[in-house]
Amino acid sequence: MKPIYLDYAATTPADKFALAAAKPYMTSIYYNPSSMHSLGRRAYAAVERAREKTARAIGALSDEIIFTSCGTEAIQQALLCFPYGERKKVIVSAIEHDSVTACADELIKRGITVEKIMPTFDGIITPEALKNVIDESTALVCVMTVNNQTGAVQPVRELADVAHRHGALFFTDAVQAVCTTDINVASTGVDMLAASAHKFYSLKGSGFLYKKKTVKLNPFIVGGRQEYGLRAGTENVPSIVAMGEAIERAVVDRREFTEQVTAAENAFFSGLTVGKIVTVANRAAGISSVVFDGVNGGRLAIALSLAGVCCSVGSACSSGSATPPPTLVAMGVKNPECAVRFSFGKNTTPDEAARAARIVNLTVDKLKKKS
C-alpha cells in the first residue's frame, strides 16, 4: 500500500498549474532573460510577470521582490548582507528555523551581538518579551510568521511596531505561512520577508526575499546585474514562473485549502488514542507536534515510516540531528525528545488521515511493549 505522507511542512508536490506554467520555459522558451535579443526578452518578460504576481500576493511592489534559489538563501541574504552600521545588535526568537539560527551564529563571529527572546508556554513571541530586550543598539528583529514545528502564528504586526519604535528593522521567515496565512507586508509593516516555492506547491529551486525599497542590502552574489545587482547569475526561469503561478493560486485557494487541511487534521486527531498534542495559542492549519511519552521521537518516526506513515521529528533541514526540536525546548514542553511532527496538505484525505492515526496507535503500543 502507498505510504501516507504527513510531512508537507518539509516539502509539497508541485501542482499541475505550476508544472504547466514552467514547462514552456524548459523547452520552447528556454532563453536567457539577460539576453538583449527578442527571444531573451520573452524570458525576461516571464520573469517580470512572475515578480508582479509574487508582489501582488503579499501586498508588495514588484521591485521589492528579489528571486532566490530557496528560503534559506533569502534568509541569508536578509541577515548576512545587511550593512550593520553603528547598531550592532540582532534579536532572534528562540523558535526560529535552523537557517536563521545558523545566520545568528555567523553574525556573532562577525562581532554582532545576538540576543534571543523566548516564547510563552503556548508558543508565542509576545511584544512584551521583545520590549524587554530591544534597545537603541538593535539593528534587526527576526521572528518567523508561522512556526515550522508547532504551526504557531506569531503577532508579526505588533512585533514589527515594537521594532520600528526603537529604530530597528523587522525580518520574518514566512516559509510556512503562504498557504494558510494572509500575508500583507504593507499592513504588517515588515521590512524583509523570506519564502520558498516548494512549500506552496511549486518547484524546488526558487524562493524570494521581499525587501522594502528603503532597505539597503549588500550583494549576495557578485558578478552580474541580475536581481537589482543583489544576486548575480542567470535566473531559474521555469521555477520562477511556476512560483508566480503557485503563489497567486495559494492566495485564491487559501480558505478552501485551510478547510480541507483542517478536515484531514480533525480526522487524524480524532482517531489518535496515544500521545499529547503540543498546544499553541494561535495555530495555522496543517502543522502539529505530538509528544509520545516513553517513546523516542526519532525511533518512532523510523518505525512509522516502515509501517507506512511518513512524518518528521522536526524541520527537514535538521532531521539528522539527535537533539530535540529547539522550539519545543524553548516552550518548556515536557519530554521534547519524544515529539513527532505531523503536517498535512491538499492531497491528504480524511480517510487517509484516519488510517494514519490507527497506524500511529499500533506502532506506539508496539514500541512501548518492547521497551
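In what order do the seven strands of the open sheet lie?

1. This note concerns a predicted model. The strand order of the open sheet is E2-E8-E7-E6-E5-E3-E4, and the pairing is mixed. Its edges are strand E2 (65–68) and strand E4 (113–117); each has a single partner strand, so one side of each lacks a neighbour in the sheet. From one strand to the next, the twist averages 20°.

2. Within the sheet, strands E7 (residues 192–196) and E8 (residues 207–211) run antiparallel and are joined by five bridges. Opposite Ala194 stands Leu209 in E8.

3. Helix H2 (residues 38–58) lies across E2 and E8, and the helix runs at about 115° to E2. Strand E2 is also one of the edge strands noted in point 1.

4. One of the pairs is formed by Tyr5 and Tyr8, in an edge-to-face arrangement with 4.8 Å centre to centre and 70° between the planes. The two residues can also be described by accessibility: Tyr5 has a relative accessible area of 27% and is partly exposed, whereas Tyr8, at 9%, counts as buried.

5. Five phenylalanines, Phe268, Phe269, Phe292, Phe342 and Phe344, make up one aromatic cluster.

6. Two placements of a charged residue over a ring can be listed. Arg249 lies over the face of Phe17, 3.5 Å from the ring centre. Lys346 has its charged end over the ring of Tyr201, at 4.3 Å from the centre of that ring.

How values were computed:
Residues are numbered from 1 along each chain as its sequence is written. This is a predicted model: local features need pLDDT of at least 70, side-chain atom pairs count only at pLDDT 80 or more; totals for chains, interfaces and linings use all residues. Side-chain values use heavy atoms; hydrogens and water are left out. Rings of Phe, Tyr and Trp (its six-membered ring) pair if their centres lie within 6.5 Å; planes under 30 degrees apart count as stacked, over 60 as edge-to-face and the rest as tilted. Buried means under 20% relative accessible area, exposed over 50%, partly exposed in between (1.4 Å probe, protein chains only). A charge sits over a ring if NZ of Lys or CZ of Arg is within 6 Å of the ring centre and within 35 degrees of the ring normal. Two strands pair if DSSP finds at least two bridges between them. Helices (H or I, at least four residues) and strands (E, at least two) are DSSP runs, numbered from the N terminus. Axes are lines fitted to C-alpha atoms, for helices over the stretch in contact, and angles run from 0 to 180 degrees between N-to-C directions. Contact means heavy atoms within 4.5 Å.
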